[in-house]
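The sequence and the structure are shown first, and the points follow by topic.

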Amino acid sequence: MARLGIYCPTFKRPGKLQEVSDNIKANTKNSYVLYWGVEPFDTETIETAKKTGDVVVINSGKQGYSDTIQTIYEQSNEEYWFHANDDFYFPENWDEKHIEYLDANQEVMVLGAHDGAYSPSYSTISFCRRKYIEEMSGVVDKPNRVFGPYRHNYIDTEFTQTAQKRNVWARITDECIVHKHPAFTGEEKDYTYKKNDELSPEDERTFDSRKHLWNSL
């Protein structure tokens, strides 16, 4: 069985998928399964994802990153998982140091990784033990759930802060992947990024209504 599940939601970016798949295949140290998480109505992306030879998972929840990740989690079984985006570049052996760290530090359940935008208080991307979700859940108020009920934004903030409050979080500050985000590259935002920006106020309200859950741990 593969050790690492790479969970990658994607939406209306079919032209990126083969390049990302080839990049991961060339540069991943550990045995892995790449899961494309797609929306049921995004037919072009579904067909393109199938052609990569990786696993295609149709989101069975509400539209958005959180429910897509949850659907992938429920259809996978790897010891560790990493949540990705379809605009990541994966350098050679990008996963090696993080899996070695988790192997050596069994008390760490969530391991923050560096995507090029360093934050002193949380990590935008993480490696995680599957048993953390199974035994503790990634959210305080729902069992066996990876991320909180957000459309796109604040997912990483709640996930990190909850693990920190439980004292099961650590971070490696060496750069793990390169995030080709328009904020970093200067490129114009595409439809997906613009849509995510529109959801930010809604997600902020959700975050503010929920933060008491983990702050009280």
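The buried residues of helix 2 are covered by parts that include helix 1 (17-27), strand 2 (32-38) and strand 3. Helices (H or I, at least four residues) and strands (E, at least two) are DSSP runs, numbered from the N terminus. The model is predicted: local features need pLDDT of at least 70, side-chain atom pairs count only at pLDDT 80 or more, and totals for chains, interfaces and linings use all residues. Residues are numbered from 1 along each chain as its sequence is written, and side-chain values use heavy atoms, with hydrogens and water left out.

**Helix 2**

- Thr45, Ile46 and Ala49 are buried in helix 2 (residues 43-51), where buried means under 20% relative accessible area, exposed over 50% and partly exposed in between (1.4 Å probe, protein chains only).
- Viewed down the axis of helix 2, the buried residues fall within an arc of 100°, so they line one face of the helix; the arc is that of the directions from the helix axis to the C-beta atoms.
- Exposed residues Thr43, Glu44 and Lys51 sit on the face of helix 2 turned away from its buried side.

- Seven strands form an open sheet with mixed pairing, in the order 3-2-1-4-7-6-8; two strands pair if DSSP finds at least two bridges between them.
- Strand 3 (55-58) and strand 8 (169-175) are the edge strands, each pairing on one side only.
- Strand 6 (residues 110-114) pairs with strand 8 in the parallel sense over four bridges, and Gly112 stands opposite Arg171 in strand 8.

**Helix 6**

- Thr162 lies in helix 6 and, at 0% relative accessibility, counts as buried.
- Not counting residues up to four places away in sequence, Thr162 touches Tyr132, Gly138, Val140, Trp214 and Leu217, contact meaning heavy atoms within 4.5 Å.

**Nonpolar cores**

- The largest nonpolar core has 28 residues, and those with the most contacts inside it are Leu4, Ile6, Trp36, Phe82, Phe90, Trp94 and Phe127; such a core is a set of buried Ala, Val, Leu, Ile, Met, Phe, Trp, Tyr and Cys residues joined through side-chain atoms within 4.5 Å.
- Another core, of 23 residues, lies apart from it and includes Tyr65, Ile69, Met109 and Ile155.
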